[in-house]
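Take a walk through this model, one feature at a time. Start with a charged pair, then follow the chain from there.

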Amino acid sequence: MKINCIAIDDEPLALEKMSKFISKVPYLELCGTFDNALEALHFLKQAKIDLLFLDIQMDELTGIQLLESLEVKPHVILTTAYDQYALKGYELSVSDYLLKPISFQRFLKAVERVHQKISAQKKVSSIPKKEKKQAQEYILVRSEYRLQKIWLDDILYIEGMKDYSRIFTTKIKLMTLQNLKKIEESLETPPFLRVHKSYIISLNKIESIGKNDLVIAGTTIPVGGLYKSTFHQYIEQQNLIG
């Protein structure tokens, strides 16, 4: 992985030394050197740079002013002979602050830190994003010798009867050899909720609620003791009944 970088310093000897340091590090790619911050600013607005070696005290435009004018900031290592700017540098989230004269050992430590940061960022960005799960719209249930599509919006309630179930919808009533537990595993909660050992209901289709039962499409459905607490919690959370 190559790290594109530039160096900005109005001292020719300091700029030459920085260029030599950069050339010794295999993963650093020097894309330019500048002895004028204004020229560097123009370059940065046109090129994609990963790392900026930046002197602070320069004529016309200081390193701090240059940083503050950048909308998108690369990783920055400040290079200066004055330590009073350290706090300001860290306020601007620079990666490191090197005091002149800079040793190669100290330089290498700073660029290694940046290398690790960029490597970590690339690893995160390379992880495939999970596709947004599409909203479930229907289920397929086996009825006789066919798979029948049942639209979820049409389901009123499902009644379990030992090894088979009856699905009541707004359009049809369907018998299936799938047991209630198997059907429950294919439905999302909410809007579907088990309210009794023998019933799964659509919370959206409830017409009224009693002490131990509820009504859907004119049919009274019992609410079992084991399911009552969970059922009433969903009712309160979803504010389904005014």
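The side chains of Asp96 and Arg106 form a salt bridge, with N and O 2.8 Å apart. A salt bridge here is a side-chain nitrogen of Lys or Arg within 4 Å of a carboxyl oxygen of Asp or Glu. Asp96 sits in strand 5 and Arg106 in helix 5, so the pair links distant parts of the chain, 10 residues apart. Helices (H or I, at least four residues) and strands (E, at least two) are DSSP runs, numbered from the N terminus. Asp96 is buried, at a relative accessible area of 2%. Arg106 is partly exposed, at 31%. Buried means under 20% relative accessible area, exposed over 50%, and partly exposed in between (1.4 Å probe, protein chains only).

A word on the source. This is a predicted model, in which local features need pLDDT of at least 70 and side-chain atom pairs count only at pLDDT 80 or more, while totals for chains, interfaces and linings use all residues. Residues are numbered from 1 along each chain as its sequence is written, and side-chain values use heavy atoms, with hydrogens and water left out.

Side chains of opposite charge can pair when their charged atoms come close. The structure holds 11 salt bridges. Another of them joins the side chains of Asp55 and Lys100, at 3.6 Å from N to O. Asp55 lies in strand 3 and Lys100 in the loop between strand 5 and helix 5, so this pair ties together parts that are 45 residues apart in sequence. Asp55 is buried, with a relative accessible area of 3%. Lys100 is partly exposed, with 21%.

Most residues other than glycine have a negative phi, and most peptide bonds are trans. The peptide bond from Lys100 to Pro101 is cis, with omega near -5°. Pro101 is found in the loop between strand 5 (96-99) and helix 5 (104-126). A cis peptide bond also joins Pro190 and Pro191, with omega about 15°. Pro191 belongs to the loop between helix 6 (180-185) and strand 11 (192-196).

Glu60, a residue other than glycine, has a positive phi near 70°. Glu60 lies in the loop between strand 3 (51-55) and helix 3 (63-69). Its relative accessibility is 63%, so Glu60 counts as exposed. Lys162 is not a glycine either, yet has a positive phi of about 55°. The loop between strand 8 (155-161) and strand 9 (164-169) holds Lys162. At 82% relative accessibility, Lys162 counts as exposed.

One more salt bridge deserves a look. Glu159 pairs with Arg166, the closest N and O atoms being 2.9 Å apart. Glu159 counts as buried at 14% relative accessibility. Arg166 counts as partly exposed at 22%.

Now turn to the interior. In soluble globular proteins, nonpolar side chains tend to be buried together. A nonpolar core is a set of buried Ala, Val, Leu, Ile, Met, Phe, Trp, Tyr and Cys residues joined through side-chain atoms within 4.5 Å. The largest nonpolar core has 22 residues, of which Ile8, Leu52, Leu54, Leu66, Leu67 and Leu78 touch the most other members. Strand 1 (3-8), helix 2 (37-44), strand 3, helix 3 and strand 4 (75-80) each supply at least two residues of this core. Which element gives the most to this core? Helix 2 does, with 4 residues. A second, separate core of 20 residues includes Val25, Phe53, Ile77 and Phe107.

Leu67 shows the packing in detail. Leaving out residues up to four places away in sequence, Leu67 touches Leu54, Lys73, Val76, Leu78, Leu92 and Val94. Contact means heavy atoms within 4.5 Å.

Tyr138, Leu140, Leu147 and Trp151 make a nonpolar surface patch of about 410 Å². Strand 6 (138-143) and strand 7 (146-151) are the elements that give two or more residues to the nonpolar patch. Patches are made of residues with over 30% relative accessible area and no salt bridge; like charges are joined within 9 Å, nonpolar side chains (Val, Leu, Ile, Met, Phe, Trp, Tyr) within 5 Å. Accessible areas come from the Shrake-Rupley method with a 1.4 Å probe, and for residues only the protein chains shown count as cover. Leu147 lies in strand 7. Leu147 is exposed, with a relative accessible area of 51%.
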